[in-house]
Amino acid sequence: MTAEQGVIYRVAGPVVTAIGISPRMYDVVHVGNEQLMGEVIKIVGDKTIIQVYEETSGIKPGEPVTNTGEPLVVELGPGLLTSVYDGIQRPLPVLRDMMGDFIFRGATAPGLDREADWEFVPVAKVGDEIFAGQVLGTVQEGPMEHKIMVPPSIAKGKIEKIADNGTYKVDDVIAVINGVDITMIQKWPVRNARPVAEKLFPDVPLITGLRVLDTMFPIAKGGAAAIPGAFGTGKTVTQQSLAKFSNADIVVYIGCGERGNEMTEVLTEFPELSDPRTGESLMKRTVLIANTSNMPVAAREASIYTGMTIAEYFRDMGYDVALMADSTSRWAEAMREISSRLEEMPGEEGYPAYLAGRLSEFYERACRARTFDGSEGSVTVIGAVSPAGGDLSEPVTQNTLRIVRVFWALDTSLRERRHFPTINWLTSYTMYGNELGKWFTANVHDDFVDNRVWAMKILQRESELQEIVQMVGSDSLPEEQKMTLEVARMIREIFLQQNAYHDIDCFCPLERQYVMLSLIRKYSDLADKAIANGVAVDRIAYLPVRTRFNQAKYEANIDDELVAVAKDMEQQFKELGV
Amino acid sequence: MAKVTKEYKTISQIAGPLIFVKNTEPVGYEEMVSVRLSDGSQRRGQVLDSSDDIVVVQLFEGTTGVDLSASVRFLGESMKMPVSKDMLGRVFSGAGEPIDGGAAIVPEKELDIEGAAINPWARDNPSDFIETGISTIDGMNTLVRGQKLPIFSAAGLPHNDIALQIARQAKVTGEDEEFAVVFIAMGITNEERQTFMHEFERTGALERAVVFLNLADDPAVERIVTPRLGLTTAEYLAFELGMQVLVIMTDMTNYCEALRQVSAAREEVPGRRGYPGYMYTNLAMLYERAGRIKDTKGSITQIPILSMPGDDITHPIPDLSGYITEGQIVLSRELHRNGIYPPVNVSSSLSRLMNAGIGKGKTREDHKAVSDQLYAAYAEGKDLRGLVAIVGKDSLSDKDRKFLDFADLFEDRIVRQGHDEDRSIVETLNIAWDILTELDMDQLTRIDRKYIDKYLPKK
């Protein structure tokens, strides 16, 4: 398509109106003398309304506008991992080399490094009948095998040429199919979901190493979870813990309209931490999209789609991808901001009426799927939500909850008592409980689910008893109810609380989660017997083993320590006559 | 600057702080504007919306006295701030003019006041402790270089005293570090101005400070510019001269009111409580100017102060601020009534970057564990207060009574301190250990055994 020229008619913030072009919706246009990138978001008669991804200050009516006739795309191929991009896939390290420490407008750089060398190993051979999504060859990218696939634009064909083993750059031709040159770069329009052969039911858990999540509220690979919480409740800390320790193959982390310093934290920490499974630096499995709150708002709107498309690309290779979106509320606000500049009729709280539609389109891109190549991959989406005033009835939270099946509610009052992670065990839920229960029973222990049910019951009982205690004090409770409160306290302090910054405690394998909860349950059983024998709760609650149990999760030899706790426990209860 | 530009006498509408000009040549978005009134006086403004048909200009000094015959000149560039090292020790108006009677500033540079976003890749991790000498901040909600940590206050609380105490006492470790304070006042009263200036002069803090004063009776629109002038100055001092700059901005609530006023005048679709939908982004453009840059010596640390309308922390101003800043220091009316200064409500306060700035080699190895323990024990004690009100102290268990007493002790020894009391972090931690002796050993669940053995005073 030939580039079409027009002129600017009006500039108001990130929204520019142009005349003299006739583009399609969501075509990319270049605006002004500096040819800033923008996207068509509305067409009214001969006027085209464009959201511009960069600052528009100084831009004047009458400056030129060029229509590219193409939608917004991302480049997919070797070099994505370890990259740090802004919302429209401009590599931030390259921008820094070009413009220094601050981001000024007008710079462009391709998403994939054209100079990097990759060792291509062909899998397919000349004459093979192939179809879209099939693997042509592989490239080793850090610890990951990056599969070079037939682009979706070629439905079927025959390989006429394929490159030999050797070093290539991303834009070198590595195969010819139906007369079309194939390079290692695929381009995909970000607003469209990449196709899969078949969507599968998610019944394998994403293991996170966080006790409250894995044991109490697990999420399936390919599922979607929302983490809403007022500021300061630890959305970002939780997201980062998941990015660090979950057993995904690839992590795409989108910092959407959030703090610059948080991105820095990820950038400093991740390269130093190692993946618990491969031993390689965490950064090597991570793609980071950083569009901080002070970067252009239209690029913030795009960042979510950019990240999702990259995640889908790795899913298509048969990998399990975890996508962290922090925060979807900032994304919704970007939509609101642009919508209000367009003077659209506002919906609830000024958000555009299409908010619910956009949110469901996004979350529906999460799935576990069979790829065209026959392997299985997944994109698990974990979206932080920042409800205004911590009020969960606001539109972004509510529209999100209608779609996702896992809800991890963060709680300000838990934060105030420094109970971390601040996931409220009474209000959170997962709807994957049954499906995943089978997996836990088969892969961890028969009692795994039973333990969870038991613990939830105690915690529920605690909240009921607390109401009574608030009125009459704990002294007037019968002994066994006092003990219930003590056991609930143990579940909260030993099991649910977890220190994301502690070397040992930050990650807890499933087997250990099971042992810890079983030990608390055992304590409870022994205590019940002791009470039945007439032992006072105060004596049971102050057994020395409790201090040791409390400390155990911070010890380097934690698993031995837990065995010792079990032994001490039996011994000390024996002394109480049990 | 002295570009010859056309004068237009084509104002078609005036509304609030906005004027609408038609039949102009193409004008750049956010370009500076000069308006000459019929009496010969000048006003400055900025383009908010530019199209072939009409240009909307926001006047910084308001539109009082402006009529349709006023003439408008477009200056062809965005707003710039002349900066120089000589600004230290000087006082400026909210529009950036010197108001201390001193000489005009000879600029070393002219910088765009909107600034530019720091490339996240270029940011350095904030991890250096700033000692404010206030226990509730240093010990419990530690401030680090490059952080933005607001004070959430409310009408009638002593946030200004705390701001001054921090401005006076704040210090960074490191011998050859140059420290500066940029003090940005927005919409403060004349009395507050006098207090601030008197205190700055009395304590000699002015020497290392640059002060910007936008007063309550100055035009509201100017308030939108004042923090940008201050932050541009701070960026110059920090990233070009390598100084450690602490920016104190008070009161952000007045700033947000000004935003709302302008937004309403532009007839924009309002968001929550009439504040514009872009207020989050707008605040972020200020707050995100805090930070450190790799391979650069300086830093900008921000302490914005805001008063929560109706003591409501869910109000859009504290709410949006809390989502952008790295924590918050919340002041409590209850503590204030009980005569405790500074009335910091540590339970709802938080410093997100604290962990990076404390510990061995920075403050002390036991810092994190001690503060976690203080938090937990204090929360427990506070819960019990509610209970005691109903059932009386007698029905508490022995353990509970200790927690109850601990909460009082905590407020009295850790929270309370004098206006001029500059406590070092070691003093703060030692007081903490001292009051922890009041609890039973096995209640100290947050502290590693080795620290208990090392630091807990023997009774």
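1. In this predicted model, the charged end of A:Arg336 sits over the ring of A:Tyr351, at 4.4 Å from the ring centre. The criterion is NZ of Lys or CZ of Arg within 6 Å of the ring centre and within 35 degrees of the ring normal.

2. On the basis of the values: residues are numbered from 1 along each chain as its sequence is written, and chains are lettered from A and ligands numbered from 1 in the order in which they are written. Because the model is predicted, local features need pLDDT of at least 70 and side-chain atom pairs pLDDT 80 or more, while totals for chains, interfaces and linings use all residues; side-chain values use heavy atoms, with hydrogens and water left out.

3. Over all chains, 20 aromatic pairs are found. The rings of A:Tyr313 and A:Phe314 are edge-to-face, because their centres are 5.6 Å apart and their planes stand at 65°. Rings of Phe, Tyr and Trp (its six-membered ring) pair if their centres lie within 6.5 Å; planes under 30 degrees apart count as stacked, over 60 as edge-to-face and the rest as tilted. Both A:Tyr313 and A:Phe314 are buried (under 20% relative accessible area, with exposed over 50% and partly exposed in between; 1.4 Å probe, protein chains only).

4. B:Phe183 and B:Phe200 also form an edge-to-face pair, 5.1 Å centre to centre with 80° between the planes. B:Phe183 belongs to strand 16 (residues 179-188) of chain B and B:Phe200 to helix 3 (residues 190-203) of chain B, so the pair ties together parts 17 residues apart in sequence. Helices (H or I, at least four residues) and strands (E, at least two) are DSSP runs, numbered from the N terminus. B:Phe183 and B:Phe200 are both buried.

5. Turning to the chain interface, 80 residues of chain B are in contact with 77 residues of chain A (heavy atoms within 4.5 Å). The two chains bury about 6900 Å² between them, 50% of it on carbon and sulfur atoms; this is the accessible area (1.4 Å probe) that two parts lose on being put together, summed over both. B:Tyr29, B:Trp121 and B:Tyr323 supply 12% of the area that chain B buries against chain A, more than any other three residues.

6. Across the interface of chain B and chain A there are 4 salt bridges (a side-chain nitrogen of Lys or Arg within 4 Å of a carboxyl oxygen of Asp or Glu). B:Lys399 and A:Glu486 meet in a salt bridge at 3.9 Å, N to O.
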